[in-house]
2 protein chains.
Amino acid sequence: MSDATTLTPSASAWLDAVRWNADGLVPAIAQEQGSKDVLMVAWMNREALAATAARGEAVYWSRSRGRLWHKGEESGHVQRVHEIRLDCDQDVVLLVVTQQGHAGDPGTIACHTGRHSCFFSRLEGGAWLVVEPVLKDPERIYR
Amino acid sequence: MSDATTLTPSASAWLDAVRWNADGLVPAIAQEQGSKDVLMVAWMNREALAATAARGEAVYWSRSRGRLWHKGEESGHVQRVHEIRLDCDQDVVLLVVTQQGHAGDPGTIACHTGRHSCFFSRLEGGAWLVVEPVLKDPERIYR
């Protein structure tokens, strides 16, 4: 696939089909191929989605940093993208990914807390309970 | 679980933990138990999340209709909720659900188009391709 900056107008019709919100963003879900676990949700702008398709790796828009965020650029936890799906309202993206990591990691890690999935809190008896273990100390991930 | 309207302040601490956006909403993903398919994403406000927990069935906030939307109220496609999860940023909810329907339906249907999942379009060669069949004519769902 071509780089985002070289897309011709007609080649970017699929990007025009997305219904970006007032901030030019849509939520993007990363679902792990195989386990089918929902790993995380982040945001994408047009550039991020174009870059994701072009690279075959997840590129999000970091709202806190105000820039494109190639997932794994610091942690090494790159997400290889197998499928990009769009929902019926054209305002949510679903990525089917392989979550990459490092040799010796005890499982795949998508979350910055060192957990497999960002959805590690479960509602139990009126409180959020942490139900997934930290697989790797974040200090060892971001150093 | 108690009804949303009878929650005491301390009993709603879990709702305070959610980081609602400027419109008082968070995205909520419905994932099917068993198949682990991502069925849909809709929005919830505080009332919708409280109602979901209280009823054990998915209740969303319909942005188009500006009111609570008990999923299935018209279609019969109720979602029984087994788990409610929250992500590390506390701004996305994940529901693990059983997608209910009608006797004789050829599979579970979450999408208003009559498809299993709302994520029926896949990016292929620079275009969105519909890759999931309509299981039931929407005219037979909404009548």
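Strands here are DSSP runs of type E with at least two residues, helices are H or I runs of at least four, and both are numbered from the N terminus. Two strands pair if DSSP finds at least two bridges between them. Within this pairing, B:Ala28 stands opposite B:Val93 in β6(B).

Before going further, a word on what you are looking at. This is a predicted model, in which local features need pLDDT of at least 70 and side-chain atom pairs count only at pLDDT 80 or more, while totals for chains, interfaces and linings use all residues. Residues are numbered from 1 along each chain as its sequence is written, chains are lettered from A and ligands numbered from 1 in the order in which they are written, and side-chain values use heavy atoms, with hydrogens and water left out.

Back to β1(B), which spans residues 26-32. This strand also pairs with β2 (residues 38-44) of chain B, this time in the antiparallel sense and over six bridges. One place to look is B:Ala30, whose bridge partner in β2(B) is B:Met40. The two strands form a hairpin with five residues between them, and B:Gly34 in the turn has a positive phi of about 95 degrees.

How well covered is β1(B)? Seven of its seven residues are buried, meaning under 20% relative accessible area, with exposed being over 50% and partly exposed in between (1.4 Å probe, protein chains only). In a regular strand the side chains alternate between the two faces of the sheet. In β1(B), both faces are covered: B:Val26, B:Ala28, B:Ala30 and B:Glu32 are buried on one side, and B:Pro27, B:Ile29 and B:Gln31 on the other.

Now turn to where the two chains meet. The size of an interface is often given as the accessible area lost when the parts come together. For chain A and chain B the buried area is about 3200 Å², with carbon and sulfur atoms giving 66% of it; this is the accessible area (1.4 Å probe) that the two parts lose on being put together, summed over both. On the chain A side, A:Arg85, A:Phe119 and A:Trp128 lose the most area to chain B, together 22% of what that side buries. The contact (heavy atoms within 4.5 Å) takes 38 residues from chain A and 38 residues from chain B.

Eight salt bridges are found between chain A and chain B, each being a side-chain nitrogen of Lys or Arg within 4 Å of a carboxyl oxygen of Asp or Glu. In one of them, B:Asp91 joins A:Arg63, with the closest N and O atoms 3.4 Å apart. Which elements of chain A touch chain B with two or more residues? They are β1 (26-32), β2 (38-44), β5 (79-86), β6 (93-99), β7 (121-124) and β8 (127-130) of chain A. Of these, β5(A) gives the most, with four residues.

β5(A) pairs with β7 (residues 121-124) of chain B in the antiparallel sense over two bridges, and A:Arg85 stands opposite B:Arg122 in β7(B). A:Arg85 and B:Arg122 also belong to a network of salt bridges that includes A:Glu83, B:Glu124 and B:Glu132.

Over all chains, the structure holds 22 salt bridges. The side chains of A:Arg46 and A:Asp16 meet in one of them, at 2.8 Å from N to O. A:Arg46 lies in helix α2 (residues 46-55) of chain A and A:Asp16 in helix α1 (residues 13-16) of chain A, 30 residues apart. A:Arg46 is partly exposed, with a relative accessible area of 32%.

B:Lys136 lies in the loop between β8 (127-130) and α3 (138-141) of chain B and B:Asp105 in the loop between β6 and β7 of chain B, so the pair ties together parts that are 31 residues apart in sequence. B:Lys136 is buried, with a relative accessible area of 8%, and B:Asp105 counts as buried at 18%.
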